[in-house]
Every structure is written in structure tokens, then in C-alpha cells.
Amino acid sequence: MRLDELTRSDFPILQRIVNGRPLVYFDSGASSQKPRAVLEAMNRYYERSHANVHRSIHTLGEEATELYELARDAVQRFIGAPSREEVVFTRGTTDGLGLIAETIGRTLRRGDEIVVTELEHHSNLIPWQLVARDRGAVLKAIPIREDGTLDLDAFDRLLTPRTRVVAFAHVSNVVGTINPVIEIVRRARAVNALTVVDGAQAAPHLRLDMSALECDFYVFSAHKMLGPTGIGVLYGRRAVLESLEPGRGGSEMIKEVWIDRAQWNDLPWRFEPGTPPIAEAVGLTAAIEYLEKLGMDRISEHERALTRQTQEGLARIPGVTVYGPPANVERGAVVSFAVEGLHPHDVAALLDEEGIAVRAGHHCAMPLMRRLGVVGTSRATFSVFNSPDEVSLLLTTVAGLRSAL
Amino acid sequence: MTGATPSASSGLYSDVIRDRWRRPRHRGELPGANAVAEDVNPLCGDRVRMMLAVAPEGRITEARFLGDSCAICTASADVVADLVSGRSRGEAAALDVSDVLAVLQAEIRPTRMRCATLPLSVLAQALDGSAKP
């Protein structure tokens, strides 16, 4: 049985009729839909076990704490992290990248260098711009080649003894490029630079193994991987996390406090000030269990087939341009395209009239848009519940668009 | 699958929008423009440049626009250029989005409203001279 046939009925929202047509949701790259298991787990938590975590002695507090910490175990297993102390909960990818940029930022000196890439989401660019400005550091970007892949020779030339951080996306949210994490980490480590990986577009689609990737930090969101909004994960290598001062202060992240100083809590709580997103952690556990039950390899395979069908189908339509690596190169579950003579927003609006949800615009990657020479693109992204029939509908509809406006 | 091609009679893209998107009347450079502004829509990256030729007594003799923009934004810019031509600075500055929507005759949804209003805010910048040309 195909994965979409197996999973479709698990997603209540797929019953929606949009503009008189069954919803075809091709915007999971922005935020995925949620299976019933996630919704029910969060409801059950709120209806039976909700209390604040860690500081409550009563029964509900203990249950909430246990459920919250179980989520950490689930994440540890899901990403192949060596230990649970390396899993820090955040509010999402943007929050996690901001947190780590601020935290590492405090250790930077004037003239230190930060390397990003030309295809970063603004969330993995702006925090480094702010840090570079505040610390007098130098920000550099690895250029991309015509096919949307990173120019690693240029990367080698950017690396110097002053390079302190290399921050890059695992999978591009626009062109779907899968960056060679292990290779980039190896080269960064040769100059003793820390590596920060934005995994927002990888975690929902690829089997992750932190022990194999060996990056120092890996950041992602729950809401793009069938989980709820409002929670994300910052994985950090223990030795590095231990060496860093907490970026933000508040309750929970301390052991003892005086008016003028404090002693930090152990990992991972040192980096989790305030009441965490507890129900969202419960939802994330359910999302991980759902993904694990399907199997990440099977998910990758399903989405790769949809991606290839879309990429090849779109490329055959006259007047349609497809961006990113060619079809024979593996890519994430993302296809960005343009229809000649139509603005991407109009493409998205016209597709919406047929019930098809795609994203359009700059996808929070303006430097990449500039590099591609466009204002924006239309983008279809895929998840476990999408079917080849839905892709066929997208292709027929796009083929008819040029006469529509 | 029936009706895979979006119908031509949809509410979002009125005939006015379609027509002005295909054949804008005021698109192009305006040599001799003396009030010029350009701005972007941060949501989508659309860019519109309004160029006005303002006579010494303050009347707008001609308005043109250039833009990397969607159908709604382009049509709106074209309508704005139409509406300000021949008007005084004050009259042009008093132009409201409802004036533009009345001409466009479309059901602009909240998510696309900024597409319709961007040319107006660029016009305002051109008129008050605060924008860099």
C-alpha cells in the first residue's frame, strides 16, 4: 500500500473542501498538517495531566514533567543524539537559531568570521547579521552554483583561522538542495569552527543521525514534521553546550541565585528558561511516534517519488521553469517553479481556486531569489499524505494557467 | 478531474485586473519625472516604482510606474497612475484604497490587500518627497 493510502484518513483536515474542491495541500514545507494522534495526545494531556513541570510536587505536576521529559527521549532517539542532555527544547527553528547565534555571539571577537550560505532562510542569516554587527565580526556566504548546489571550492577559500562559525541549511527550503553536512562539518572542523545546521526542511523527510553528521548544533521545528506549532529542538554536542554560557535567563535554567549572580542548572535545562511548551512537547512525541511507525526511509522514498514526478512533469510544460538541482540529483521534498508571464502570487491564487495550496513569494530567502534572478517562485512541498494523483492534478492545472490571466 | 483550468470569471481577478495586467496603460519610464519613489512589499518582495511629472503650480501632468509585481499590484499601480493624472498634489495625496478598489471591481482578500495598497503608499512617498529617487 502506498504511504498516502495508508495515512490519508489520519489527517482530519484533508476532508476540507476549498473553493468547491477537495483540499490538495502542497505547503507542508511551510507547516505540515497534523494526524489525529497528535491532536488527541495534546487534548488528552490538557484534559488529564496538565500542570507546570519540574517544580510541582503534586501528582499532575509529576505527570506533566514525565510527559515533557519523555518527549526529550523521543527526540533523542529520532535524531540519533548520543545523550538526552543534548536535546534542548525551543519555540521553533527561528528561536533555536536565534538562541544559538546569541549564545555563540557572546564569545566572538572583532574580526572573527561567520560563514553562512547564499541559500539560507532569513532565520539562519539575520541572527548572524545581528551578531556580526554587535561583535564586529565578518559575515561571509558560500556561493551556490547554477544548479542550486553549494560551491565547496569557494567554501574552502572562505575558511580561515578566524572562522568561528559555519551555519547552513541541511535542505534548502526553496530549491530543495540537500547540502553535504558531513563534508561541510569536516572542513569547518579543520579550522576549529563550530557548525550550526538548520534542519527545518530535513527533519520531516530524512532519517537523521547526529552521531554520523557530527555537527555541533542541529535545529528544527515540530510543526513542519506533523507536530504542533510553538516547539522546536536545538540539539547541541554536549562538550560544546557545556562550554557555553546560557543565552537567556529566567526560571528553570539556574541552580542557585543571588542578587548579583547565579549558578547555572545542568544540561539541558540550562538553555530552557521559563515554562516550556508542555502540551506541544506531548504533541511532538506523538508526531515522532507516528513518523517512526511509518519509517523515515519509507517516507523519504514516497516523497522523493512525488518530488520527481512534480519536477519532471513541470519541466515538460511549455513556459514553466523548475529551479534547483536536476532530477537525477537527490533533493528534499520541495519543488520551486515559475510560469512564464505569471507572477508567483497569481500562480498560487489561481491554484487555490482549484483547492491546491502552494506557497509563493521569496520564501524568506531574498538573497537566493536575487541569485536566481527572480522576485519569487511558486513552491510545492510534500508530505506523507500527498498522492501521485494530487501531483497529476497540479500538473494539469499549471499547464492551463497561462491562459487563465 | 474536471475544470482543471481556473475559470475566467473568478472573483479574485476581475476583468479590470486581467485587462490592466495584460495591457497596462501607464507602465514604463517617465523621463523628466520630478517626484519619484520606489518600495517593496516585504511579504512577497514585489517592487513598485511610481514616477510623477509635477508642474510648477503643483498639478500632476503625468504618472507612470514600473514594477516587478503581481496582477493585482500591477493593475492597482496602473489605476493609481490613471487617477492622479491631472490632479493637484493635495488631491492625489487624498486618494484612498477604496478609490482604487472601486475601479478594480474585485474581491481582494485580506492576504492580497497589500498588493493593492503598495502603489498607493509608494505614491504617498513620491508626493511627500521623503523617498530617495
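**Strands, domains and contacts: how the terms apply**

Q: What makes strand β2 (residues 47-54) of chain B and β3(B) a pair?
A: In this model 8 bridges join β2(B) to β3(B), and the two strands run antiparallel. The structure is a predicted model, in which local features need pLDDT of at least 70 and side-chain atom pairs count only at pLDDT 80 or more, whereas totals for chains, interfaces and linings use all residues. Residues are numbered from 1 along each chain as its sequence is written, while chains are lettered from A and ligands numbered from 1 in the order in which they are written.

Q: Why are β1 (35-40) and β3 (60-68) of chain B said to stand at the edges of the sheet?
A: The open sheet has 3 strands in the order β1-β2-β3 of chain B, with antiparallel pairing. Each of β1(B) and β3(B) has a single partner strand, so one side of each is left without a neighbour in the sheet. Neighbouring strands are turned by 10 degrees against each other on average, direction ignored. Angles like this are taken between axes fitted to C-alpha atoms, for helices over the stretch in contact, and run from 0 to 180 degrees between N-to-C directions.

Q: How is chain A divided into domains, and how many residues does each give to the contact between them?
A: Chain A is divided into domain 1 (3-30 + 295-403) and domain 2 (39-292), with bounds that come from an automatic or database domain assignment. Their centres, taken over C-alpha atoms, are separated by 28 Å. The contact takes 26 residues from domain 1 and 24 residues from domain 2. On the side of domain 1, α11 (296-315), β14 (334-339), α13 and β17 (377-381) of chain A each supply at least two residues, with the largest share, 5 residues, coming from α11(A).

Q: Why is β17(A) called mostly covered?
A: A residue is buried if 20 or more other C-beta atoms lie within 10 Å of its own, exposed if 12 or fewer, and partly exposed in between. In β17(A), 5 of its 5 residues are buried, so the strand is mostly covered. Both faces are covered, with A:Thr377, A:Arg379 and A:Thr381 buried on one side and A:Ser378 and A:Ala380 buried on the other. In a regular strand the side chains alternate between the two faces of the sheet. As for its partners, β14(A) is joined to β17(A) by 4 bridges in the antiparallel sense, and A:Val334 stands opposite A:Thr381. Strand β16 (residues 359-361) of chain A is joined to β17(A) by 3 bridges, again antiparallel, and A:Gly361 stands opposite A:Thr377.

Q: What makes a set of residues a nonpolar core, and which residues have the most contacts inside the largest one?
A: The term covers buried Ala, Val, Leu, Ile, Met, Phe, Trp, Tyr and Cys residues joined through C-beta atoms within 7 Å. The largest such core has 161 residues, and those with the most contacts inside it are A:Val282, A:Ala287 and B:Met50. This core draws at least three residues from each of domain 1 and domain 2 of chain A. Not counting residues up to four places away in sequence, A:Val282 touches A:Ala41, A:Met42, A:Tyr45, A:Leu67 and A:Ala71.

Methods
Contact = placed C-beta atoms within 7 Å. Pairing = 2+ DSSP bridges.
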